[in-house]
Amino acid sequence: MRRVALLPVALSLVAGVTDVTSWILLGGFFSAHVTGNLVILAADVVTRTTPDLAALLAIPVFVITTAGATVLARRIGAHSPRTATALLGTQATLLIAAGALSFTTHASVNPKQGMSVVIGMCAVCAMAAQNAYLHLVPARSVSTAVMTGNLVSATVTATDLIRSRGRDLAAREKWTDNWPLLAGFVVGCLIGAIGATLLNDQASVIPAVLAVALLVWQLTKGRASPPPAITASTFHDPTLEELK
């Protein structure tokens, strides 16, 4: 794997772990793939089931947090190293809070109660900070949580590679960009599922540990500034040139 792909893969891993642990431990709602809660709410309406508060709050809380992150980034400057540090630091702090609360209160015993909702919203806000970072700091955003688009893109590029017998350079570049995102999210989901099964509430500290490790790695390597992993040149799409 190219070195430049490490950051989005790491963020995909964090998203996968966070999404699965919140689903298993907090009563079944999405903290990373946040729009998936619309499906849950629609099903509740049809079946006349009282919607869970976490599922109801997830999308508006995500939007408000993203708006706040946008204001912060615009004031600091989107391409300032301080913006990357602030957003990834916010993510890590929120996941630490979620992990600590879950670890100490055993919230999964009563996943419909207030503490579970608080923990869930910490996870949602953390994912909002991560996604805001991806849209505000790099030259071009990628998705590390919603996998449908990445799956379609990977399938299209794989098909192009097979048809060209590997000679399509543009497809090779896109494949290199897409498959690590899918792999990172799937591995994160597996880690979250295994952790929640074996460790119960203690598994909620896994996303926090990963987020802190990522933040420390960024700061240590001096990569808190916009990373080359997701720049415009890395994600160059020749079809854009054709449209000019």
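User: In this predicted model, what makes a crossing of two helices right-handed or left-handed, and which of these describes H3 passing H5?

Analyst: A crossing counts as right-handed if the near helix is turned clockwise from the far one by less than a right angle, and as left-handed if anticlockwise. By that convention, H3 passes H5 in a right-handed crossing.

User: Why is H3 called oblique to H5?

Analyst: Helix H3 (residues 53-76) and helix H5 (residues 114-136) pack at an angle of about 40°, with their axes 8 Å apart. Angles under 35 degrees would count as roughly parallel, and 65 to 115 as roughly perpendicular, so H3 is oblique to H5.

User: Which residues make the contact, and what classes do they belong to?

Analyst: Among the contributors from H3 are Leu53, Leu57, Val61, Phe62 and Arg74, while H5 supplies residues including Val117, Met121, Cys125, Asn131 and Leu136. By class, the contact has 16 nonpolar, four polar and one charged residues.

User: How do you know that H5 is largely enclosed by the rest of the structure?

Analyst: A residue is buried when its relative accessible area is under 20%, and 19 of the 23 residues of H5 are buried, so H5 is largely enclosed by the rest of the structure.

User: How does the span of H5 agree with what its 23 residues should give?

Analyst: At 1.5 Å a residue, H5 should span 33 Å, and its end C-alpha atoms are 32 Å apart, which agrees.

User: Why is Val186 called partly exposed?

Analyst: Val186, which lies in helix H7 (residues 169-199), has a relative accessibility of 46% and therefore counts as partly exposed, given that buried means under 20% and exposed over 50%.

How values were computed: Residues are numbered from 1 along each chain as its sequence is written. This is a predicted model: local features need pLDDT of at least 70, side-chain atom pairs count only at pLDDT 80 or more; totals for chains, interfaces and linings use all residues. Side-chain values use heavy atoms; hydrogens and water are left out. Axes are lines fitted to C-alpha atoms, for helices over the stretch in contact, and angles run from 0 to 180 degrees between N-to-C directions. Helices (H or I, at least four residues) and strands (E, at least two) are DSSP runs, numbered from the N terminus. Angles under 35 degrees count as roughly parallel, over 145 as roughly antiparallel, 65 to 115 as roughly perpendicular and the rest as oblique. Contact means heavy atoms within 4.5 Å. Ala, Val, Leu, Ile, Met, Phe, Trp, Tyr, Cys and Pro count as nonpolar, Asp, Glu, Lys and Arg as charged, and the others, Gly among them, as polar. The expected span of a helix is 1.5 Å times one less than its number of residues. Buried means under 20% relative accessible area, exposed over 50%, partly exposed in between (1.4 Å probe, protein chains only).
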